[in-house]
Amino acid sequence: MKKAVFPGSFDPITLGHIDIINRGLILFDEIIIAIGINADKKHMFSLEDRKRQIEDTFKNESRIKVTTYKGLTVDYCKTVNAKFILRGLRNSTDFNYEQSIAQTNASLAEIESVFLVCSPKVSNISSSIVRDVIRNGGDYRNLVPRSVMI
Ligand code: ADP
């Protein structure tokens, strides 16, 4: 069974993440959406809220699991027996950032990073832009799934 971990902060989950996850389901039998716990980072949504938003979004998809983890992503992959890390690319900035992480991860463990280029309709979306729109009272309905609005 091909299992991938899709790691991230998901503060909050956006239509960009969903685009990558749905297309990842064509490649993988199971995708574990893993929210990294980083005590040093300030979040807009609590860990519980982020987890609930993702679980709610994929409640009808049995091949998606939602979890949280601490520490290195490759160590977490080993504990769940996943050989792949799934990541999304929007642009060359994402690529440059992801390249060094993927190379480091490959040197730490036998885990392949798999990148999917996002659909053009979501290439402008990031969690940080969504947080900015929310903070400033803008309409963010076209950027996130319904579960983030509840
Ligand atoms: P991180 O803090 O690890 O970057 P994020 O939650 O911001 O976590 O992102 C998780 C993954 O989703 C990353 O691979 C990121 O590039 C990808 N991603 C985020 N937004 C988009 C988008 N609009 N299109 C494609 N991939 C995206």
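This is a predicted model: local features need pLDDT of at least 70, side-chain atom pairs count only at pLDDT 80 or more; totals for chains, interfaces and linings use all residues.

I looked up the strand order. I found an open sheet of five strands in the order β3-β2-β1-β4-β5, with parallel pairing. The edge strands are β3 and β5, and each pairs on one side only. On average, neighbouring strands of this sheet are turned by 30° against each other, direction ignored.

**Entry: β2 and its partners**

Next I went along β2. Six bridges connect β2 with strand β3 (residues 64-69), and the two run parallel. β2, helix α2 (residues 47-57) and β3 form a right-handed β-α-β unit.

On the other side I looked at strand β1 (residues 3-8). Six bridges join β1 to β2, again in parallel. Here Val5 stands opposite Ile32 in β2. The chain crosses from β1 to β2 through helix α1 (residues 15-27), and this β-α-β crossover is right-handed.

Seven of the seven residues of β2 (residues 30-36) are buried, so the strand is largely enclosed by the rest of the structure.

I sorted the side chains by direction. In a regular strand, side chains alternate between the two faces of the sheet. Glu30, Ile32, Ala34 and Gly36 point one way from β2. Ile31, Ile33 and Ile35 point the other way. All of them are buried, Glu30 included.

**Entry: β4 and β5**

β4 and β5 pair in the parallel sense over six bridges. For one contact I noted Ile85, whose bridge partner in β5 is Ser113.

**Entry: the largest pocket**

I looked up the volume of the largest pocket. The value is about 1200 Å³. Its lining holds 45 residues, and Pro7, Gly8, Ser9, Arg87 and Tyr97 lie nearest its centre. I listed the elements that give two or more residues to this lining: β1, α1, β4 (84-89), α4 (92-108), β5 (112-117) and α5 (127-135).

Which element gives the most to the lining? I found α4, with nine residues. By class, I noted 17 nonpolar, 19 polar and nine charged residues in the lining.

Most residues other than glycine have a negative phi, and most peptide bonds are trans. I searched for departures from that.

I found a cis peptide bond between Asp11 and Pro12, with omega about 0°. Pro12 sits in the loop between β1 and α1.

Phe10 is found in the loop between β1 and α1 as well. Phi of Phe10 is near 50°, a positive value in a residue other than glycine. Phe10 is buried, with a relative accessible area of 2%.

I also logged Asn81, in the loop between α3 (73-79) and β4. Phi of Asn81 is near 60°, again positive in a residue other than glycine. Is Asn81 buried or exposed? I read 54% relative accessibility, so Asn81 counts as exposed. The cut-off I used for exposed is over 50%.

Definitions and conventions:
Residues are numbered from 1 along each chain as its sequence is written. Side-chain values use heavy atoms; hydrogens and water are left out. Buried means under 20% relative accessible area, exposed over 50%, partly exposed in between (1.4 Å probe, protein chains only). Helices (H or I, at least four residues) and strands (E, at least two) are DSSP runs, numbered from the N terminus. Two strands pair if DSSP finds at least two bridges between them. A crossover is right-handed if, with the strands pointing away from the viewer, the path from the first strand over the helix to the second runs clockwise. On a 1 Å grid over the protein atoms alone, a cavity is a set of points where a 1.4 Å probe fits but cannot get out, and a pocket is an open set with protein on both sides within 12 Å along at least five of seven lines; lining residues have an atom within 4 Å of a point. Grid points are joined across faces, edges and corners, and a volume is the space filled by probe spheres set on the points. Ala, Val, Leu, Ile, Met, Phe, Trp, Tyr, Cys and Pro count as nonpolar, Asp, Glu, Lys and Arg as charged, and the others, Gly among them, as polar. Axes are lines fitted to C-alpha atoms, for helices over the stretch in contact, and angles run from 0 to 180 degrees between N-to-C directions.
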